[in-house]
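Dear colleague,

I am handing over the structure shown below. Please have it open while you read the notes that follow.

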Amino acid sequence: GGALAVVLMGIGFSLGMRMGRRRGEDDEGITQRDRERMLQLLQELGSWTSEYSGSVSQYQHRLGELSEAVAKDEISPQAGNRVVLLLKQIMESNEQLQTRLDAAERQLEKQTKQIESYLTEARTDGLTGLFNRRAFDQRLDQIFAAFRKGGRSFVLVLVDIDHFKSINDNHGHQVGDEVLKELARTLKSQLSDAIIVARFGGEEFVAILNGPLRVAAARMNEVRKLMSQEKHEVVGGHLYVTISVGVSEPRDDVLVGPIVRRSDEALYAAKNMGRNRVYYHDGVSPTLVGAPEIASDSDKP
């Protein structure tokens with residue numbers, strides 16, 4: 001019984017520690033598929049331990065019978081031999097049990113690593129190392145639900161690399177990938193206190209920041225300037241990359257969709273007005289961050 005308890009405690013502790021660390025890192029819930037994978041692991045390990053429980057119960061019963069015989073002074077030479085034989089069987093069984101326990105521990109380690117790897121891959125963009133759209137969508141839903149219940153507001157930021165297709169066409173996809181990774185590093189370092197930073201897809205990135213709206217928009221304008229000053233070495237010279245940004249915040253929205261739409265409208269305004277700009281949407285219309293002469297093309301290197 002003790003060995004079985006140790007196994008089960010080990011399973012629970014290992015899974016709890018691993019999944020607890022992951023929940024501490026990104027504060028994200030796991031999907032139904034993730035739960036099913038972990039349940040399958042527990043069921044497999046449970047089937048392994050059932051035979052241990054049966055063996056231990058059998059030996060306990062036989063030991064109980066011998067103990068009763070000794071207590072009643074009914075022990076005989078034959079019974080003594082039975083005690084010796086039973087003790088040998090228990091020792092051999094314990095050795096086998098330890099071997100199986102070691103194998104179960106290795107299997108537990110292997111499968112929990114597989115689950116951990118699956119969770120990481122399922123939530124992370126392989127190229128940039130940022131969260132992917134799946135992880136972002138889940139986090140946005142959580143933050144919006146909390147906001148609707150009286151929680152604090154937030155700011156939704158959409159970031160798009162300007163003329164990214166021409167970068168790939170003129171300099172190759174390897175350079176394009178380096179540009180994506182550079183922007184990811186810049187966003188991650190400059191927005192280290194963000195609720196989440198993710199790659200939304202293609203050359204588009206997204207972040208959820210704390211408000212207020214205009215403060216977050218001004219902050220993104222500083223990120224825009226910093227990105228435009230980065231020199232990328234390419235064959236035959238160097239390349240400067242700019243970004244356009246759209247920012248919005250929740251209003252009296254009952255669904256999250258309108259918030260995304262307003263950020264998208266602000267991003268479109270930035271693109272349509274010449275790129276390398278930050279626009280925020282105050283619920284009425286997109287507005288340029290900074291005076292036109294400040295946010296003009298003269299900001300480009």
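The buried residues of α8 (buried means under 20% relative accessible area, with a 1.4 Å probe and protein chains only) are Ile259, Arg262, Ser263, Ala266, Leu267, Ala269, Ala270 and Lys271. The model is predicted, so local features need pLDDT of at least 70 and side-chain atom pairs count only at pLDDT 80 or more, while totals for chains, interfaces and linings use all residues. Residues are numbered from 1 along each chain as its sequence is written, and side-chain values use heavy atoms, leaving out hydrogens and water.

Helices (H or I, at least four residues) and strands (E, at least two) are DSSP runs, numbered from the N terminus. Helix α8 spans residues 257–272 and has 16 residues. The cover over its buried residues includes α4 (133–148), β1 (155–161) and β3 (204–209), as well as β6 (243–248), β7 (278–281) and β8 (286–288). After α8 comes Gly274, with a positive phi near 120 degrees.

**Helices α5 and α6**

The axes of α5 (residues 164–171) and α6 (residues 173–190) come within 7 Å and cross at roughly 140 degrees. Axes are lines fitted to C-alpha atoms, for helices over the stretch in contact, with angles from 0 to 180 degrees between N-to-C directions. In contact (heavy atoms within 4.5 Å) are Phe164, Ile167, Asn168 and His171 of α5 with His173, Val175, Gly176, Val179 and Leu180 of α6.

**The whole protein**

The protein has 8 helices and 8 strands, and 41% of its 301 residues count as buried.

With kind regards

Note on methods: Expected span 1.5 Å × (residues − 1). Buried < 20%, exposed > 50% of the residue type's maximum accessible area, 1.4 Å probe, protein only.
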